[in-house]
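Here is a short briefing for a reader who is new to this structure. Look over the sequence and the model first, then take the points below topic by topic.

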Amino acid sequence: MPPEATAVYLLLENITLLAFWLLVAVLSINAAFLVFILYRRGSRRRYYKRKDASRQQFASLVNHFLQGSLKLEDAAYQLRQVRSRPAKDAIQDLLLKGSDDGNVVRVTELLFALGYADRWARLAFGRKRAAQLIRSSRLNQGRALGLKLRGRGLRRIRRRKLFSVKRAVAVYHLSRLAPGRARIFLEEALRDPGQDVRLAAVLGLRSDSAAIPLLLEELRTAVEEQNDVSLRAIRSALVWHEMPELQQFAPALTHGNPRYRFLALDSIRQICERISKERSLQAADFPAQVRHILQHEAAQDSSADVRARCAAVIAYFHDTSAVPVLRQLLRDENEFVRLHAVRSTGHPAYQELIPEISACLTDSRWRVREAAARTLMSFGHPGVENLFRIFLDTSDQYAAEQVADEMQRNGVLNALLAELNSGTSVAVCRAVCIRLVGLNKTSILSDAVASSELAPAHRLWLMDALSAHPSRHFLDVLRELAKTRDEPISTRAGALLQRLVPAAGTLEVRHA
Amino acid sequence: MHEFFLRFLDYTNTVILIYFLAANSVYTVLMFISLYTVSLHAKYAAHKGYTAVLDSPVTPPVALIVPAHNEERVIVQTVLSLLALNYPEKEIIVVDDGSNDSTLDRLIEQFELQRMDLIYREQVKATAPLAFFSSSQRPELIVVSKPNGGKADALNVGMNLARSPYFCTVDADSIIERDALLRLMTPVVQSAVNTVVSGGIVRIVNGCRLEHGEVVEIDLPKRWLERCQVVEYIRTFMFGRPGWNSMGATFITSGAFCLLHRETAVLVGGFRRESVTEDIDLVANLHRFLRDKGWKYNIVFSTDPICWTEAPHSVSMLARQRRRWQLGLMQTVMRDNDMIFNPRFGSLGMFSMPFHAYIEAIGSVVEAAGTILIPFSFFIGAMPLALFLLFVFLAVGYGTLLSVGSVLLHETTLRRYPKLKHVLLLVLYAVIENVGYKQMVTFFRAQGVLRYFFGRRKWEYVVHTGKGATGRVAVAHET
């Protein structure tokens with residue numbers, strides 16, 4: 001065999017071997033994957049079985065403790081006997097699930113006594129630092145132990161998700177401790193290089209009123225792009241605080257950075273929005289200093305965003321002191337300020353602003369017109385009456401269309417048609433219908449013609465009105481009615497069809 | 001001539017082997033990255049929960065846009081499932097794209113809708129709607145009727161009508177898990193920069209049991225074709241996309257369930273009607289627009305928001321679907337070919353786009369050619385056994401590793417299949433799909449590429465039978 005042939009033969013033999021061994025390797029890895037899957041299934045099943053059993057075993061003991069019928073020392077003594085991981089996890093879940101504002105301090109004490117808090121702190125901050133923090137937390141010092149930044153290289157590594165997820169989960173657990181005890185850990189976690197960890201800390205501070213300055217500082221650094229925690233996450237934490245705590249927002253409302261001022265004010269708006277779902281707010285609910293800033297500084301702020309948010313917040317005063325400010329903001333040069341002012345004024349306390357709100361129906365911006373129509377609806381009878389008046393009087397096509405849109409969406413038009421039967425405001429109803437026909441907004445009216453709920457006289461009148469500008473939909477309705485024996489409706493429908501159908505060819509898709 | 005032919009085979013086979021080596025190398029890298037990121041995400045997500053997003057007043061409203069064309073069998077269930085979604089503030093816009101069946105009537109009847117003449121402002125180009133339907137009892141639901149203009153056109157109409165800052169595209173035959181929208185929104189809420197797209201996972205509903213628009217029992221389909229697709233979906237969504245996402249190079253998000261920032265989507269002109277895969281096209285457009293503007297942005301993909309969809313039941317329907325996907329991919333990579341190896345687009349331009357253009361798009365033709373030529377070369381004696389074995393290893397053996405690995409990753413993170421029998425079957429099909437199924441799909445994909453070059457760029461409809469999942473009405477409909 002010539003040497004070249006031998007070389008080729010050897011190469012091919014090597015490739016065959018390589019392919020063979022690669023195939024063996026892949027099959028072995030596949031087999032290992034399968035074994036791992038089976039092992040994991042088995043181990044997880046065993047783990048959850050034991051955890052369920054432990055949960056059942058300790059549920060009543062933990063419940064007694066949570067309800068206060070079992071002393072901390074006794075609970076700690078009994079639960080300390082537990083050694084297995086599933087049982088420990090079951091107890092942790094039971095305690096965290098049962099923790100509420102009433103028992104959080106006792107639960108925290110127990111979590112410390114059983115070593116859970118120590119374990120989370122060790123996972124989050126390392127053994128040495130955790131020991132310092134726990135000591136400080138036990139003494140209830142409530143403040144951090146001074147800045148301690150690790151080396152730059154180490155911070156870069158710790159920033160990686162691979163290393164930070166475990167810490168983030170530990171911080172999440174620490175945030176479930178009583179606010180006073182948790183704060184020291186969370187404050188420390190805010191300096192962590194891992195974004196997930198800081199995020200967990202920020203969200204954990206949401207139930208701690210003393211942490212508002214910390215959160216506002218996070219917000220400021222995020223605005224100034226020195227912090228990669230999202231603004232939404234920080235605001236999510238801020239909005240859970242209560243009205244008396246708004247006092248702490250005062251420095252932020254007068255800060256030099258307009259975006260920071262805006263976000264702080266927006267957080268106040270969201271606090272108000274949340275609380276107003278439970279009870280009606282009044283000017284007295286706001287701290288005096290904040291009230292003063294809103295009325296005399298934020299309403300005249302150079303930033304339109306701040307003025308817009310100021311309108312939304314000040315509207316929660318629900319008294320006459322807000323009226324001049326809102327009136328001024330309703331006429332603001334900036335469309336977004338007007339928009340937010342209009343949106344905010346839908347409260348009986350601001351009925352005297354109805355003329356200004358009505359004026360916004362003819363605003364050059366559609367969002368403002370839309371908001372004005374909605375706000376007027378929200379005033380109930382006086383607002384709707386005003387809306388009808390403007391709808392009938394205005395020569396502004398856009399304003400009329402916007403009102404027509406809202407009347408349909410909110411069911412006001414249906415209610416108006418129903419009123420025809422009662423005969424209370426027939427003249428207004430008919431005028432509105434004629435205006436709607438003029439605008440080609442006739443779908444609901446056409447359906448009303450087909451509906452037997454409306455008295456025949458009104459249906460006949462509507463048919464005549466609609467025949468002035470017949471849409472394809474109306475013609476379809478007429479065709480259906482002409483087939484019925486519903487007299488005198490069917491006869492009139494037939495007659496109208498005879499009159500309109502020759503011209504119908506030119507009416508294609510007008511209704512669209 | 002004979003010698004020329006052998007030399008041609010030689011060169012071609014070399015190109016094919018290089019292609020397989022390159023493709024498998026990339027897949028391996030993606031596998032390791034995904035193993036790392038998906039496991040970590042699952043670990044963290046399991047602890048943090050989503051109540052903070054659900055409770056927060058800061059969570060932005062979302063418009064769910066459902067384009068529907070002849071979906072009478074499933075549309076009511078889909079809308080019911082959307083109404084039941086766990087999300088603080090949402091609006092649902094169903095766009096009936098010129099259906100010939102009773103899609104519209106079903107909706108009107110079920111939700112007692114009333115025809116209205118609403119204001120429609122065209123911010124992105126779309127066919128003008130014919131009629132709007134809503135109800136003061138359910139103001140969050142609006143149904144729009146329009147002439148048939150394709151999915152992209154229907155989505156544009158929905159965008160024009162949406163009032164929320166974000167919108168989510170939802171296929172009419174898809175079932176969204178109750179918390180999925182919250183999970184999709186979580187990276188948006190927690191991102192320090194504007195997240196313009198957030199994509200989730202699509203899973204196959206065939207074999208599952210549905211009740212009131214919700215998956216109540218997860219099972220595997222009975223037929224081999226659908227089972228192979230289950231494994232294929234797991235591999236794609238667990239390995240490919242998370243890998244690219246972690247590099248900040250997401251190029252594909254599934255339009256069946258995808259959250260988008262409305263204002264940015266409007267700025268790029270919405271969905272392009274000429275594209276047969278409007279979702280891929282829009283993502284590429286967004287990348288280009290935002291890079292051009294120099295704005296900071298995020299396009300994310302998460303593995304826990306899950307949407308269930310029906311997979312094709314027959315080979316012919318599978319062929320239509322894959323040809324269309326491949327054609328759409330070709331349209332996008334060819335239109336945006338200046339992004340390939342363009343450092344201005346970062347890892348998207350340097351890694352993701354070249355991968356999608358050369359390996360995923362054009363590579364399918366090379367792969368299909370290899371599937372024919374290499375065995376042919378071996379049987380006529382033009383290729384030694386050793387090389388043939390190496391090819392078999394690269395084409396089949398290594399594929400099993402990736403597929404079984406993805407099943408493993410799924411099992412250790414999402415764990416949606418509860419029974420051990422399911423997992424064993426998935427592992428079995430992870431091996432089986434590499435022999436026959438994968439090659440068949442490669443041929444369909446290659447057809448898609450060739451259709452692009454030969455100018456046959458039409459949308460091919462996939463007819464779903466509705467028989468995929470128990471609890472669905474079993475009459476044919478189109479998507």
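Chain B carries 47 positive and 43 negative side chains, and the centres of the two sets lie 3 Å apart. Lys and Arg count as positive, Asp and Glu as negative, while His and the chain ends are not counted. Each charge is placed at NZ of Lys, CZ of Arg, CG of Asp or CD of Glu. In chain A, 74 positive and 53 negative charges have mean positions 11 Å apart.

This is a predicted model, in which local features need pLDDT of at least 70, side-chain atom pairs count only at pLDDT 80 or more, and totals for chains, interfaces and linings use all residues. Residues are numbered from 1 along each chain as its sequence is written, chains are lettered from A and ligands numbered from 1 in the order in which they are written, and side-chain values use heavy atoms, leaving out hydrogens and water.

**Confidence**

- The predictor gives the complex an ipTM of 0.72 and a pTM of 0.81.
- pLDDT is the predictor's confidence in each residue, from 0 to 100.
- Chain A averages a pLDDT of 85, and 91% of its residues score at least 70.
- Residues 504–512 of chain A have a pLDDT below 50; this stretch has 15 contacts in the model beyond near neighbours in sequence. Contact means heavy atoms within 4.5 Å.
- Among the elements of chain A, helix α7 (residues 152–159) has the lowest mean pLDDT, 61. Helix α17 (residues 323–330) of chain A has the highest, 94.
- Chain B has a mean pLDDT of 86, with 94% of its residues at 70 or more.
- Over residues 473–479 of chain B, pLDDT stays under 50. The model has 36 contacts for that stretch beyond four places in sequence.

**Chain B overall**

- Chain B has 15 helices and 14 strands. Both are DSSP runs, numbered from the N terminus: helices are H or I with at least four residues, strands E with at least two.
- Its radius of gyration is 22 Å, close to the 23 Å that the globule rule gives for 479 residues, so chain B is as compact as a globular protein of that length. The radius is taken over C-alpha atoms, and the rule is 2.2 Å times the number of residues to the power 0.38.
- The C-alpha atoms of chain B fill a box of roughly 75 × 50 × 45 Å along the principal axes.
- Buried residues make up 63% of the 479 in chain B. Buried means under 20% relative accessible area, exposed over 50%, and partly exposed in between (1.4 Å probe, protein chains only).
- Of the contacts in chain B between residues at least 6 apart in sequence, 79% join residues at least 24 apart.

**Chain A overall**

- Chain A has 28 helices and 0 strands.
- Its radius of gyration is 35 Å, whereas a compact globule of 512 residues would have one near 24 Å.
- The C-alpha atoms of chain A fill a box of roughly 95 × 90 × 55 Å, taken along the principal axes.
- Buried residues account for 50% of the 512 in chain A.
- For contacts in chain A between residues at least 6 apart in sequence, 68% link residues at least 24 apart.

**A helix in chain A**

- In helix α10 (residues 195–204) of chain A, 8 of the 10 residues are buried, so this helix is largely enclosed by the rest of the structure.
- The buried residues of α10(A) include Asp196(A), Arg198(A) and Leu199(A).

**Loop residues**

- Asn440(A) sits in the loop between α24 (426–438) and α25 (443–450) of chain A. Its phi is positive, about 65°, although it is not a glycine. Asn440(A) is partly exposed, at 26% relative accessible area.
- Asn70(B) lies in the loop between β1 (62–68) and α3 (75–83) of chain B. Asn70(B) also is not a glycine, yet has a positive phi of about 55°. At 10% relative accessibility, Asn70(B) counts as buried.
- Pro244(A) belongs to the loop between α12 (231–238) and α13 (250–253) of chain A. It is exposed, with a relative accessible area of 64%.
- Gly98(B) is in the loop between β2 (90–97) and α4 (103–111) of chain B. Leaving aside neighbours within four places in sequence, Gly98(B) is in contact with His69(B), Lys146(B), Pro147(B) and Asn148(B).
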